[in-house]
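Please keep the sequence and the structure in view while going through the numbered points.

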Amino acid sequence: MTAKPLISFSKIAEEDLNFLDIDEWPDWQAQFGNSQPLKLEIGFGMGSFLIEMAAQEPRSNFIGMDFYHKGIRKVMTRKKKLQLENIRVAYGDVRIKIPLLFKDGELETVYINFPDPWPKKRHTKRRLIKPDFVKLIGQKLAPGGRIYLATDFEVYAMEMLEYFNSEPLFQNQGPGSGFLETREDLPKTKYEKNFINAGHKIYYLEFTRLGIATPTN
Ligand SMILES: C[S@@+](CC[C@H](N)C(=O)[O-])C[C@H]1O[C@@H](n2cnc3c(N)ncnc32)[C@H](O)[C@@H]1O
């Protein structure tokens with residue numbers, strides 16, 4: 001059996017109202033037509049996690065952010081086929097788009113699965129998770145909200161742990177304020193399956209957004 005071809009990126013960008021290449025807050029409640037909790041996946045790649053989560057949790061609204069055209073085409077094609085009404089894809093660099101698209105405290109959950117590790121020393125500056133980005137996520141999450149992270153790259157895992165543990169807005173849910181060994185309640189991502197098959201150790205992290213006011217400046 002031959003797989004159905006993916007919808008082209010230009011067709012999605014021009015016609016699909018669930019694909020958002022926007023620079024301002026879209027009123028998410030109006031977007032989804034309801035006030036279900038907003039859950040954001042940062043860097044969904046080929047999108048299997050996003051699709052599975054949206055199918056499993058019809059009472060939550062899922063926003064995926066990425067700039068990877070092939071992955072976006074895949075998600076939009078599968079979303080259409082499965083008739084999932086609770087997914088939107090917001091296009092672009094999350095470092096630029098998150099401040100523009102979300103109000104403070106608007107997100108219930110954030111997932112960052114296997115962010116690019118940039119293993120070469122001269123590229124480490126490109127890593128997404130840095131103290132300012134951690135603060136930004138803290139601002140956009142509601143008190144009591146959660147962020148889930150995963151990586152197989154030990155050095156980056158240690159950086160994530162340090163940055164989130166040092167941010168007063170977050171409380172680590174792992175044993176001894178460290179890593180979780182497994183994550184059975186969430187679907188496995190494409191990278192996760194590949195790394196597990198290759199015998200890599202996976203570092204899982206989970207933090208709660210504490211209920212203290214976001215500092216304004
Ligand atoms: C290593 S892949 C992981 C994909 C998926 N989460 C998984 O676990 O299978 C990282 C993804 O993050 C996306 N990404 C990296 N930096 C980004 C940024 N600044 N803004 C939006 N997406 C980004 C990439 O395009 C890629 O799809």
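1. K97 is buried, with a relative accessible area of 8%. Here buried means under 20% relative accessible area, exposed means over 50%, and partly exposed lies in between (1.4 Å probe, protein chains only). The side chain of K97 meets that of D23 in a salt bridge, at 3.2 Å from N to O. A salt bridge is defined as a side-chain nitrogen of Lys or Arg within 4 Å of a carboxyl oxygen of Asp or Glu. This pair links distant parts of the chain, for D23 lies in the loop between β1 and α2 (28-32) and K97 in helix α5 (residues 94-101), 74 residues apart. D23, at 53% relative accessibility, counts as exposed. Together, D21, D23 and K97 are linked in a network of salt bridges.

2. A word on the basis of these values. The model is predicted, so local features need pLDDT of at least 70 and side-chain atom pairs count only at pLDDT 80 or more, while totals for chains, interfaces and linings use all residues. Residues are numbered from 1 along each chain as its sequence is written, and side-chain values use heavy atoms, with hydrogens and water left out. Helices (H or I, at least four residues) and strands (E, at least two) are DSSP runs, numbered from the N terminus.

3. How many salt bridges does a search of the whole structure find? The search finds 13. One of the pairs is D104 with K140, whose closest N and O atoms are 3.0 Å apart. D104 lies in the loop between α5 and β5 and K140 in helix α6, so this pair ties together parts that are 36 residues apart in sequence. D104 is partly exposed, with a relative accessible area of 46%, whereas K140 is buried, at 6%.

4. R127 forms a salt bridge with E159, and their closest N and O atoms are 2.7 Å apart. This pair also links distant parts of the chain: R127 is in the loop between β5 and α6, and E159 is in helix α7 (residues 154-166), 32 residues away. R127 is buried, with a relative accessible area of 3%.

5. The strands deserve attention next. The model holds an open sheet of 8 strands in the order β1-β4-β3-β2-β5-β6-β8-β7, with mixed pairing. Why is one side of β1 (19-20) and of β7 (170-172) left without a neighbour in the sheet? Both strands stand at the edges and each has a single partner strand, so one side of each has no neighbour there. Two strands are taken to pair if DSSP finds at least two bridges between them.

6. Strand β3 (residues 61-66) is joined to strand β4 (residues 87-91) by 5 bridges, and these two run parallel. Within this pairing, F62 has I87 of β4 as its bridge partner. Strand β2 (residues 38-42) is likewise joined to β3 by 5 bridges, in a parallel arrangement. In that pairing, E41 stands opposite G64 of β3.

7. Is β3 enclosed or open to the outside? Because 6 of the 6 residues of β3 are buried, the strand is largely enclosed by the rest of the structure. N61, I63 and M65 point one way from β3, and F62, G64 and D66 point the other way.

8. Q83 has a positive phi of about 55 degrees although it is not a glycine. Q83 is placed in the loop between α4 and β4 and counts as exposed, at 65% relative accessibility. W118, also not a glycine, has a positive phi of about 45 degrees. W118 lies in the loop between β5 (107-113) and α6 (131-140), and at 28% relative accessibility it counts as partly exposed.

9. F114 is found in the loop between β5 and α6. F114 is buried, with a relative accessible area of 9%. F114 and T189 are 75 residues apart in sequence, and their C-alpha atoms are 8.6 Å apart in space.

10. The last point concerns K80, in helix α4 (residues 69-82). K80 is exposed, with a relative accessible area of 59%.
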